[in-house]
Amino acid sequence: MTRRTLAVVSAGLSQPSSTRLLADQLAAATRDELVRRGSEVELHVVDLREYAHDVVNNMLTGFPPAALREVIDAVTGADGLIAVTPIFSASYNGLFKSFFDVLDSGSLVDRPVLIGATGGTARHSLALEHAVRPMFAYLRSVVVPTAVFAAPEDWSDGTADGALRGRIRRAAGELADQIERRPPASGPADPFALTTDFLQMLGRSDDTPVS
C-alpha cells in the first residue's frame with residue numbers, strides 16, 4: 001500500500017470557521033478517494049490563525065520559529081496540498097498570502113494543489129481565478145481545474161448542499177489523480193543541501209588535470 005501525505009491549510013480567522021469547514025470536507029473527500037484507490041493517507045491540517053504571530057516574526061527576521069518550521073516542513077513535504085482562504089476585499093486574506101510568502105522559493109514546484117475559498121456572497125467566487133490560482137501558478141504548482149467556492153447558502157446545518165458536495169467530490173478526484181501520477185514525496189527539500197558538487201564549483205570535471 002502506497003503511503004501518501006496530504007497537507008491542508010486553512011486561513012480562516014474565526015471560530016467556528018466556514019473556511020476550516022470547507023477545508024475539512026475537501027480533505028476528507030480527497031483522503032477517501034486516495035484510500036479507495038489503495039493508498040494509505042496521512043493528513044496534516046494547519047489552522048493558520050494559530051501561527052499568525054510566528055508568520056509575522058518569520059517575515060521580520062527571515063527565520064521561522066520552531067513550531068512554524070514544523071508546519072512549513074509538513075506543507076512543503078506533502079504529496080498534495082489543499083489551500084483554503086476566506087475572501088476579503090475580492091482577494092485572499094493577508095494571513096494566507098503571508099504564509100506562502102515565507103516558504104522557500106521553489107518549495108511547491110510541481111506540487112498538486114486544490115484551491116478553495118469562502119465568502120459572504122457568491123459574487124466573490126471569481127477571486128479564486130483572478131487571485132488564488134495565479135499565486136500558485138507563480139509558485140509553479142499544479143493547480144487542479146476545479147476550484148471550490150462556498151457561500152453561506154451552500155451550507156445546510158454545517159453540511160455541504162448537493163451542488164457544493166458535487167464540486168468537492170470532483171475537485172478531490174482531480175487532486176487524487178495528480179497525486180497518483182507522482183512518486184511518493186520524500187519530505188521537504190533541505191535548504192542547505194548542495195545542488196552542485198565540489199568539482200563543478202571549481203569549474204572542472206574529474207578528468208581535468210590538477211596543476
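Mentor: What follows starts with the chain as a whole, goes on to the core and the helix contacts, and ends with some loops.

The model is predicted: local features need pLDDT of at least 70, side-chain atom pairs count only at pLDDT 80 or more, and totals for chains, interfaces and linings use all residues. Residues are numbered from 1 along each chain as its sequence is written, and side-chain values use heavy atoms, with hydrogens and water left out.

The chain holds seven helices and nine strands; these are DSSP runs numbered from the N terminus, helices being H or I of at least four residues and strands E of at least two. Of the 211 residues, 45% are buried (buried is under 20% relative accessible area, exposed over 50%, partly exposed in between, with a 1.4 Å probe and protein chains only). Taking contacts (heavy atoms within 4.5 Å) between residues at least 6 apart in sequence, 79% join residues at least 24 apart.

Now the core itself. A nonpolar core is a set of buried Ala, Val, Leu, Ile, Met, Phe, Trp, Tyr and Cys residues joined through side-chain atoms within 4.5 Å. The largest one has 36 residues, and Leu81, Phe96, Phe99, Phe100 and Phe136 touch the most other members. Two or more residues each come from strand S1 (2-10), H3, strand S3 (80-88), helix H4 (94-101), strand S5 (112-118) and helix H5 (127-138). H5 gives the most, six residues. Apart from this core lies another, of 24 residues, with Ala23, Leu114, Trp155 and Leu164 among them.

Phe96 can be followed in detail. Leaving aside neighbours within four places in sequence, Phe96 is in contact with Ala11, Leu48, Ala83, Val84, Thr85, Val132, Met135 and Phe136.

Next come the helix contacts. The axes of H4 and H5 come within 12 Å and cross at roughly 5°; axes are lines fitted to C-alpha atoms, for helices over the stretch in contact, and angles run from 0 to 180 degrees between N-to-C directions. H4 is therefore roughly parallel to H5 (under 35 degrees counts as roughly parallel, over 145 as roughly antiparallel, 65 to 115 as roughly perpendicular and the rest as oblique). Phe96, Lys97 and Phe100 of H4 meet Val132, Met135 and Phe136 of H5. These contact residues divide into five nonpolar, no polar and one charged, where Ala, Val, Leu, Ile, Met, Phe, Trp, Tyr, Cys and Pro count as nonpolar, Asp, Glu, Lys and Arg as charged, and the others, Gly among them, as polar.

H3 also packs against another helix. Helix H2 (residues 52-61) and helix H3 (residues 66-76) have axes 9 Å apart, at an angle of about 90°, so H2 is roughly perpendicular to H3. Asp54, Val55 and Asn58 in H2 meet Ala67, Leu68 and Ile72 in H3. The residues of this contact are four nonpolar, one polar and one charged.

Last, the loops. Glu50, in the loop between strand S2 (39-47) and H2, is exposed, with a relative accessible area of 55%. Glu50 and Leu68 are 18 residues apart in sequence and 9.7 Å apart in space, C-alpha to C-alpha. Asp110, in the loop between H4 and S5, has a positive phi of about 65° although it is not a glycine, and counts as partly exposed at 40% relative accessibility. Arg140, in the loop between H5 and strand S6 (142-143), also has a positive phi of about 65°; at 54% relative accessibility, Arg140 counts as exposed.
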